[in-house]
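Welcome! Take a moment to look over the sequence and the 3D view, and then we will walk through them together.

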Amino acid sequence: MKRTTTYKLRYTATIVVLVGVVILFLSLVGWSVPALIGACVMLLIPGRVQGHYYRDLFNGRRALEAGDIDASIFHTEQFLAAVRERPGLKSLIWLGGVIYTADPEAMALNNLGAAHMEAGRLGVAESTFNDALRLDPLYPIPLTNLAVLGEVAGDRAEAERYLREAEDRGYTGGSLDRVIQQSGALLAKVEGGRPKTV
C-alpha cells in the first residue's frame with residue numbers, strides 16, 4: 001500500500017474515531033448545550049495549537065492562493081526559519097490531517113517553489129521543489145509541480161514522467177485529491193486569518 005493511501009486511511013479513521021468519541025461522550029453526559037460546547041472545545045484544541053505554531057505556513061499558503069506572491073514567500077520563509085531553528089515543531093504536523101507528507105518543512109518548500117513558479121522564477125522553483133523531495137522523496141506534490149515546469153519548458157516526456165512518479169507515490173489527481181487540496185486551501189484561509197493566540 002502506498003504511503004499516501006495509508007495517510008488517507010489514517011485521516012479518515014481518525015475522523016470516524018473522533019466522531020465516535022464525541023457521540024459516546026455526549027451519550028454519557030447528555031446532549032446539553034454545555035456538553036456540546038465541551039465536545040467542540042476538545043475537538044478544536046489540537047487545531048488551535050497547530051494553528052498557532054504553523055501560522056506562517058498557513059499565511060503563506062493563503063497568500064499564494066490569493067495571488068500575493070511576495071507575502072507568500074515572506075510567510076513561508078518565516079515558517080522555514082522557525083522550523084529549522086526548532087525542529088521539534090515538525091511533530092505538530094500530526095495534530096492536523098496528514099495526507100501527502102508528514103514533513104511540514106517539505107510542505108513549506110513545495111509552497112515556496114509554487115510561489116516562485118507563479119512569479120516566473122522557474123529555475124528557483126525547480127530547485128526548491130527538488131529540495132522538498134530531498135527532505136521527503138515520497139512526497140508527490142512537488143512532482144506534480146515539476147511536471148508543470150516540464151510542460152512549460154515544452155518537454156512533454158519529462159512532464160509525463162513526473163506525473164507518473166507522483167501517481168506512483170499516491171497522487172492520482174482524482175476527486176479525493178482535489179477535495180484534499182481545496183480543504184488545504186480553506187484551512188489556510190481559516191488558520192491564516194486568526195490572531196496569534198492559543
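A crossing of two helices is called left-handed if the near helix is turned anticlockwise from the far one by less than a right angle, and right-handed if it is turned clockwise. With that term in hand, H3 passes H4 in a left-handed crossing. Please keep in mind that this is a predicted model.

**The overall picture**

The protein has 9 helices and 0 strands. Read from the N terminus on, the order of its elements is α-α-α-α-α-α-α-α-α. Of its 198 residues, 37% count as buried. Among contacts between residues at least 6 apart in sequence, 64% join residues at least 24 apart.

| Pair | Axes come within | Crossing angle |
|---|---|---|
| H3 (residues 55-66) and H4 (residues 69-85) | 7 Å | roughly 160° |
| H5 (residues 104-118) and H6 (residues 122-135) | 8 Å | roughly 170° |

For H3 and H4, the crossing at roughly 160° makes H3 roughly antiparallel to H4, because angles over 145 degrees count that way. On the H3 side, the contact is made by Asp56, Leu57, Asn59, Gly60, Ala63 and Leu64. H4 brings Ile69, Ala71, Ser72, His75, Thr76, Gln78 and Phe79 to this contact. Sorted by class, the contact of H3 with H4 has 6 nonpolar, 6 polar and 1 charged residues.

Now for the other pair. The axes of H5 and H6 cross at roughly 170°, and that makes H5 roughly antiparallel to H6. The crossing of H5 and H6 is left-handed. From H5, the residues in the contact are Glu105, Ala106, Leu109, Asn110, Leu112, Gly113, Ala114, His116 and Met117. From H6 they are Leu122, Val124, Ala125, Thr128, Phe129, Asp131, Ala132 and Leu135. By class, the contact of H5 with H6 has 11 nonpolar, 4 polar and 2 charged residues.

Threonine 128 sits in helix H6. Is threonine 128 buried or exposed? Its relative accessible area is 6%, and buried means under 20%, so threonine 128 is buried. Leaving aside residues up to four places away in sequence, threonine 128 touches Leu109, Leu112, Gly113 and His116.

Alanine 115 belongs to helix H5. With a relative accessibility of 0%, alanine 115 counts as buried. Which residues does alanine 115 touch, not counting those up to four places away in sequence? They are Leu64, Ile69, Ser72 and Ile73. Glycine 60 is another residue to look for: alanine 115 and glycine 60 are 55 residues apart along the chain, and their C-alpha atoms are separated by 9.0 Å.

**Helix H7**

Helix H7 covers residues 141-152. At 1.5 Å a residue, its 12 residues should span 16 Å, and its end C-alpha atoms are 17 Å apart, which agrees. Why is H7 described as largely enclosed by the rest of the structure? Because 9 of its 12 residues are buried. The buried residues of H7 are Ile141, Pro142, Leu143, Thr144, Asn145, Leu146, Ala147, Leu149 and Gly150. Just after H7 comes glycine 154, which takes a positive phi of about 85°.

Note on methods: Residues numbered from 1 in each chain as written. Predicted model: local features only at pLDDT ≥ 70, side-chain atom pairs only at ≥ 80, totals over all residues. Heavy atoms only, no water. Helix = DSSP H or I, 4+ residues; strand = E, 2+ residues; numbered from the N terminus. Expected span 1.5 Å × (residues − 1). Buried < 20%, exposed > 50% of the residue type's maximum accessible area, 1.4 Å probe, protein only. Axes fitted to C-alpha atoms, helices over the stretch in contact; angles between N-to-C directions. Parallel < 35°, antiparallel > 145°, perpendicular 65-115°, else oblique. Contact = heavy atoms within 4.5 Å. Nonpolar A, V, L, I, M, F, W, Y, C, P; charged D, E, K, R; others polar.
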